[in-house]
Amino acid sequence: MAAPIRVGTRPADSEKITVNLGYVDLGHVDLLVSEGAYANRSDFIRTAVRNQIERHADITRQSVARKAVEIGLRHYGRAELEAARTAGTTLDIRVLGLAVIAADVSPDLARATIASLEVLGSLQASPAVRQALADRLR
């Protein structure tokens, strides 16, 4: 799911998603919220997600080591991409978290310097840059 681009502001530190739950599961969540175990449904869901991420931390570590993935927020600006173009190199971008291609990066510059792009999380880039890289997104 693509996050909206906000020109002139810093990227949001979270992204809204939709989760479909069965009625019984939702009832359990609401019961735990009403009993004060969680502040609200979102608090429950965030906690559950974090617990599952921690439970499977070994898989994440192995995958990151095997695939050379950057974790967290990674910003690609025009200067960095122009330097790659000048050096005659291309980037294979793999990010687990948030990858941001700056608003001042043209579609031509992105296409000339980004060989592949895999984002597990969210990508923020202009619609024109997304279109230019469509065949390189995994």
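Analyst: Happy to. Let me start at the surface: Ile17, Val19 and Leu21 make up a nonpolar patch there, and together they have about 270 Å² of accessible area. For such patches, residues need over 30% relative accessible area and no salt bridge; like charges are joined within 9 Å, and nonpolar side chains (Val, Leu, Ile, Met, Phe, Trp, Tyr) within 5 Å. The areas come from the Shrake-Rupley method with a 1.4 Å probe, and for residues only the protein chains shown count as cover.

A word on the source: this is a predicted model, so local features need pLDDT of at least 70 and side-chain atom pairs count only at pLDDT 80 or more, while totals for chains, interfaces and linings use all residues. Residues are numbered from 1 along each chain as its sequence is written, and side-chain values use heavy atoms, with hydrogens and water left out.

Ile17 sits in the segment before helix H1 (23-34); helices (H or I, at least four residues) and strands (E, at least two) are DSSP runs, numbered from the N terminus. Ile17 counts as exposed because its relative accessibility is 59%, where buried means under 20%, exposed over 50% and partly exposed in between (1.4 Å probe, protein chains only).

The largest pocket has a volume of about 1,400 Å³. Ile17 turns up again here: of the 33 lining residues, the closest to the centre are Glu15, Ile17, Arg46, Val49 and Ile53. The elements that give two or more residues to this lining are H1, helix H2 (41-55), helix H3 (57-67), strand S2 (91-101) and strand S3 (114-124). H2 supplies the largest share, 8 residues. By type, the lining divides into 19 nonpolar, 8 polar and 6 charged residues; Ala, Val, Leu, Ile, Met, Phe, Trp, Tyr, Cys and Pro count as nonpolar, Asp, Glu, Lys and Arg as charged, and the others, Gly among them, as polar.

For the grid details: on a 1 Å grid over the protein atoms alone, a pocket is an open set of points with protein on both sides within 12 Å along at least five of seven lines, whereas a cavity is a set where a 1.4 Å probe fits but cannot get out; lining residues have an atom within 4 Å of a point. Points are joined across faces, edges and corners, and a volume is the space filled by probe spheres set on them.

Helix H2 also holds Ala48, which is partly exposed at 31% relative accessibility. The C-alpha atoms of Ala48 and Val33 are separated by 13 Å, with the two residues 15 apart along the chain.

Elsewhere, the whole structure has 8 salt bridges, each a side-chain nitrogen of Lys or Arg within 4 Å of a carboxyl oxygen of Asp or Glu. Arg74 pairs with Glu80, their closest N and O atoms 2.8 Å apart, and Glu70, Arg74 and Glu80 are linked in a network of salt bridges. Arg78 and Glu82 meet at 3.6 Å, N to O; both lie in helix H4 (residues 78-87), 4 residues apart, about one turn of the helix. Arg111 forms a salt bridge with Asp135, with the closest N and O atoms 2.9 Å apart. Arg111 lies in helix H5 (residues 107-113) and Asp135 in the segment after helix H6 (127-132), so the pair ties together parts 24 residues apart in sequence.
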